[in-house]
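Please view the sequence and the structure before reading on.

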Amino acid sequence: MTEFPQNPSTVYYFGTCLSDMIYPEAGMAGIRLLQREGVEVIYPSRQSCCGQPAYNSGFPDEARAVALAQVDAFSGSNAPIVVPSGSCAGMMRIHYPLLFEHEPDYFRVKRFSERIFELTSFLRHSLNATYTDKGPPVTLTWHSSCHARREMVCTEDSKALLRQLANVTLVELENEHECCGFGGTFSVKRPEISAAMVKDKVRDIQNTGASAFITGDCGCMMNISGHMESRKNPISGHHIAEFILERIHG
Amino acid sequence: MDKPKKATFARAAARALADTQLRDNLRFATQSLRQKRLAVFDDPEATEALREIGSRIKARGLTRLPRLLEQLEARCQKNGIMVHWAETTEEANRIVLSIMEAHGARKVVKGKSMVSEEMHFNAFMKDHGKEALETDLGEFIIQLNNEPPSHIIVPAIHKNRKQIGKIFADKIPGTDYTEDTDILLATARRILREHYRTADIGLSGVNFAVAETGTLCLVENEGNGRMCTTVPPVHVALMGLEKVVETLDEVPPLYRLLCGSATGQRITTYFNMIKGPRQKGEKDGPKEVHLVILDNGRSRMLADPQLRQVLQCIRCGTCLNHCPVYTRIGGHAYNSTYPGPIGEILMPQLEGLDTKGELVFASSLCNACSEVCPVKIPIPELIRRMRNESYLKRGKGVIPGHGFKRNAVERVVWKGWRYSQTIPMLNWAMLKTLAIAGRILPNVGPLKAWTRVRTKPVFAKESLKQLTRQEGIRHE
Amino acid sequence: MSRPSARTQILSRLYKNAGAIAPYTPEAAHWSPPALSPAKRINRFVELMEAVRSEVYRVKGNAWVDALRKLLQTRELATLAYGKKTWCGDLLEKSWAAKPHPTNLIPWTQDIEEFRDELFGISAGITTTMGGIAEAAAMILWPTPEEPRLLSLVPPVHIALVKASEIYTSFPEALKKLDWAKKAPTNSLLISGPSKTADIELILQFGVHGPTDLIVFLIE
C-alpha cells in the first residue's frame with residue numbers, strides 16, 4: 001500500500017506533456033484543487049514529459065535522459081510530486097526504478113519515484129478533500145486508464161471524489177477494465193486495431209446513457225473524444241480535475 | 001525483409017477485424033472465459049498468494065533447470081520410460097518418426113500438445129506417409145478444416161456451431177448438416193473411439209514433469225488424453241524442457257493455477273500421472289513409454305534473466321482471453337503457434353525478431369495480461385525489452401534477429417524528441433511552434449494514422465507553462 | 001534414438017545459462033487449503049462432485065450392492081465389467097450368485113490386447129478408489145492389475161466406490177497422507193466427473209470420449 005503524507009504544506013506539480021500541448025486547462029484545474037486545500041503548489045518550469053513514449057516504443061536511452069531531466073527539475077526539495085495522470089504517475093513511480101535498475105543514478109531516481117502521487121488519490125488520502133456540488137443534475141460515466149487502474153490503483157479514489165458531488169449520477173461503464181486503444185504510439189503504429197478498440201469503448205460509453213465521460217488521463221481523453229468528435233457524437237469528455245472544479249464553482 | 005511482413009500482420013489483423021462473425025464469436029467466448037476464471041479466483045488475496053507461489057516455483061525451477069532435467073531423466077529411465085533429447089523441432093519429429101517406424105506404425109492418435117504444434121508435427125507426419133489424428137474435440141474440428149488452432153486452450157474458439165456443423169457435413173462422409181451440438185458430439189465420439197481402438201501410437205503433451213518421481217502429469221477434461229496414453233501399445237510424450245518441476249508437492253498449486261486460469265475450473269475432469277509403461281502383471285497401459293524433451297531455443301532464452309521469464313509459462317491461455325488485441329483479432333492473425341501476449345514474447349525468441357518481431361508491437365501495454373498471469377510473467381516489461389531489441393545495432397542484442405527494425409528516421413525522431421524534452425529552450429520553442437503551426441500540420445505519417453478515426457488534436461494557444469506563470473503559480 | 005550429442009549440447013548450454021546469472025529467487029510457500037472437519041469434507045465432496053454432473057449416492061456399509069442392482073436394472077445396462085479378487089468384486093460375485101440379475105457381470109481377466117474389442121462394447125465399469133478430495137472434488141484412482149486403467153475410462157458408464165473415511169481436504173493433503181511420491185503405481189489419477197468438453201461455443205457437453213455418466217457410491 002502506498003503511504004500518503006498527511007496535510008503537507010507544499011507540493012510540486014508535474015503537469016504532463018499532454019496538458020502542456022493540448023489540455024492546459026485540465027492541468028491548471030488540478031493546481032486549483034490542490035490550492036483549495038490550502039497547499040502551496042510549486043510548478044518547476046524545467047519539467048517536460050515523463051518519458052513514457054520513448055520507453056514504450058523501445059528507446060530506453062532516450063527515456064532515461066528525459067527521466068533524469070525530470071528528477072533534476074524536481075530536486076529543489078523533498079516535497080511530494082502530484083501528477084494529474086495515472087499513466088504518467090505510473091511511469092514515474094513504478095517504471096523509473098526499473099528503467100534505472102542497472103544505472104548509477106538508481107537510488108536518486110528511486111527516492112524521486114517515492115515522491116510521486118496521482119492527483120485524485122492525493123486529494124483523497126493526503127488532503128481529505130471534500131466537495132459541495134453546485135452544478136445541475138447530470139448523468140455521466142467514468143473511464144479509467146489502464147495504468148491508473150493497474151499501476152497507480154487510483155480508480156476508486158477518483159470515483160470517490162465524483163461520488164461526493166450530490167447532483168452527479170455515476171453510471172458504471174461496461175468493460176471498464178478494457179483499454180481504450182490509445183497506448184501512446186500504439187494508436188499510430190497499429191491504427192487498425194486501435195481504431196477497433198476505441199470504437200468499442202465509445203459504444204460502451206454511449207450505452208450508459210451518460211451525457212459525458214470523465215477520466216483522469218488526458219491520453220485516453222484525446223483518443224476517445226477524438227473519435228467521438230470525428231463521428232459527431234455529442235457526448236463530451238472531461239478531465240476529472242477540470243470537471244470537479246467547474247461543479248464546485250457552479 | 002521488413003516491409004512485406006509488416007504488411008502481412010497488419011493485413012491479417014484488418015481482415016480479422018472486418019469479420020463480424022469472428023468478432024462476435026471471440027467476444028462471447030473470451031468474455032465467458034474471463035467470468036469463469038473470476039468465479040474460481042474470487043478471493044483477491046488468496047489468488048495473489050497462490051500466484052506468488054506459482055511464480056516462485058517456476059522461477060526457482062529455471063535456476064536449477066539442468067539438474068532437474070538430469071534427475072527427471074534418471075527417474076524416468078528407472079521407471080522404464082525411454083528419454084530422448086531434441087535440440088530442434090526437426091530432430092523431435094525425426095525421433096517420433098523413428099519410434100513409429102520401429103513399430104511399423106501407421107497411425108498416431110494425438111492428445112492436445114502445443115509443443116507438437118510448435119513442431120508442425122501433423123504436416124511432418126503427412127509428408128512421411130503417416131496419419132496423425134487430433135483427438136481433442138476442438139483440435140479435431142480444425143484439423144478437419146485444415147486450420148491451425150487459434151487459441152492455446154480452446155483451439156476452435158473462432159468457430160460457432162453453425163460453422164462447425166458445416167465443417168462436419170463437408171468433411172465427414174455421410175454426415176448431414178446440423179446445429180445440434182449433441183449430434184455433433186456423438187459424431188466425433190463415434191469416429192474417435194474407433195481411432196483409439198485401432199491406433200498404433202498415442203501421443204501427448206506434458207503439463208508438469210516431476211523430477212523427484214519421474215512422473216508425467218497431464219491435465220484434461222475430455223478423456224482423450226487418457227485414451228491416447230493408455231489404449232495404444234506405445235505412448236510418446238512431448239515436452240518443452242521448461243515443463244520440469246522439482247517435487248510432487250509443487251504440482252497441486254500449479255495445477256490449481258492452470259485450471260483456474262485456463263477454463264475457470266477448480267479441477268479438471270482428469271488429472272493423469274504417468275510413471276511408466278505397463279508393468280509385469282498389469283493388464284493394460286502402453287508397453288513402451290517415450291519422453292521427448294525439446295529445447296528449440298529454450299536453453300538459449302535462459303541466458304537472459306529478464307527474457308527467461310517467458311519460460312515460466314504454464315500455457316493456460318488466460319492472457320489471450322484478457323488481451324484487448326487478441327479478443328478482437330483472434331489467433332490466426334498472429335500467424336504463430338502461440339498467439340496473444342504470450343506469443344508476442346515467445347515467438348520472436350523462438351523464431352527470431354526478424355521473423356516474428358512485428359508481434360511485439362501488437363500491444364497497447366495495458367497490463368491486462370500481467371494482472372492475471374498465474375505465474376506472474378511481467379509480459380509488458382518483456383514486450384518493452386523486445387521492442388528495444390528490435391532497434392538495437394547488430395551484435396548489441398541477445399535475441400536472434402534483433403535490430404530488424406532499426407532505421408534512421410525513427411532514430412532521428414526520438415533523438416529530436418529527447419532534446420525537446422531535456423533542453424528547456426527547445427521545449428519552449430516546440431510548444432510555441434505547435435501552438436502557432438499545430439493546426440496546419442500536414443496530415444501524413446502518424447497524424448494520418450491518428451485521423452483515420454479521430455479528429456486532429458487541437459494544440460493549445462498557451463501551454464500549461466505559460467498559463468501557470470500568468471496565474472501566478474510559483475515557478476522553480 | 002536421439003543424438004547423444006543433443007543431450008550433451010542442451011545440458012551444457014543449460015548449465016552455462018541457468019545458474020551463472022541466477023537472480024535470488026526465494027522458495028515458494030507451501031500451498032495448503034485450510035483443513036475441513038470430516039463432516040464438512042464429505043458434504044463439500046458431494047456438493048462439488050454433483051456440480052460437475054456426477055451422481056453421488058450416500059450409502060451405509062454394503063448397501064451399495066443392492067442400490068447398484070436397482071440402478072443397473074432401471075438403466076438397462078447390459079454388461080458390467082469389474083475386477084476380480086477385490087473387495088468390490090467379491091461382493092458383486094456373491095450377490096450375483098445369490099440372486100440372478102439381468103446385467104451380465106464381466107470380470108476383466110485378460111490383457112488388453114485380447115480384451116480390447118470386448119471392452120469397447122461393454123456398458124459399464126465399476127472400480128474402487130483410493131478415496132476422494134473435498135476442496136476441489138475429485139476421486140483418487142490408483143489402477144491395479146485387478147482393476148486396470150481402462151476400466152474407469154472406456155465403458156460409457158463409470159461406477160466408483162468411495163469410502164467416506166478416505167476423503168481428504170485437498171490434493172496436497174492426499175499426496176502426503178497416501179505417500180503418493182513413493183507408493184503411487186505406474187498410472188495414478190484424479191477424476192472429477194464424466195468426460196466433458198466445451199470446445200463448441202463453450203457449451204458444456206458430457207461424454208465426449210470416455211464415460212458419459214459417472215456414478216459414485218459414497219460409503220459411510
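The questions below concern a predicted model and take up its sheet, domains, cysteines and surface in turn.

Q: How many bridges pair strand 9 of chain B with strand 9 of chain C?
A: Strand 9 of chain C covers residues 187-191, and the two strands pair in the antiparallel sense. Ile274(B), for example, has Asn187(C) as its bridge partner in strand 9 of chain C. The number of bridges is 5.

Q: Which residue of strand 9 of chain B is the bridge partner of Leu216(B)?
A: Strand 6 (residues 215-220) of chain B and strand 9 (residues 270-274) of chain B run antiparallel and are joined by 5 bridges. In this pairing Val219(B) stands opposite Phe271(B). The partner of Leu216(B) is Ile274(B).

Q: Which residues of strand 9 of chain B point the other way from Tyr270(B), Asn272(B) and Ile274(B)?
A: Strand 9 of chain B is mostly covered, with 5 of its 5 residues buried. Its residues point two ways, and those on either side are buried. Opposite to Tyr270(B), Asn272(B) and Ile274(B) point Phe271(B) and Met273(B).

Q: What distance separates the centres of domain 1 and domain 2 of chain B?
A: Chain B is divided into domain 1 (41-296) and domain 2 (410-470). Taken over C-alpha atoms, their centres are separated by 54 Å.

Q: Is Cys369(B) buried or exposed?
A: A residue counts as buried under 20% relative accessible area. Cys369(B) has 9% relative accessibility, so Cys369(B) is buried.

Q: Which helix gives the most to the nonpolar patch?
A: The patch, of about 520 Å², is made by Tyr419(B), Ile423(B), Met425(B), Leu426(B) and Trp428(B). Tyr419(B) lies in helix 20 (residues 408-422) of chain B and is partly exposed, at 37% relative accessible area. The most, 3 residues, comes from helix 21 (residues 424-437) of chain B.

Technical notes: Residues numbered from 1 in each chain as written. Chains lettered and ligands numbered in written order. Predicted model: local features only at pLDDT ≥ 70, side-chain atom pairs only at ≥ 80, totals over all residues. Heavy atoms only, no water. Patch = residues over 30% accessible without salt bridge, like charges linked within 9 Å, V, L, I, M, F, W, Y side chains within 5 Å. Areas by Shrake-Rupley, 256 points an atom, 1.4 Å probe, with all protein chains shown as cover. Salt bridge = Lys/Arg side-chain N within 4 Å of Asp/Glu carboxyl O. Helix = DSSP H or I, 4+ residues; strand = E, 2+ residues; numbered from the N terminus. Buried < 20%, exposed > 50% of the residue type's maximum accessible area, 1.4 Å probe, protein only. Pairing = 2+ DSSP bridges. Domains from an automatic or database assignment.
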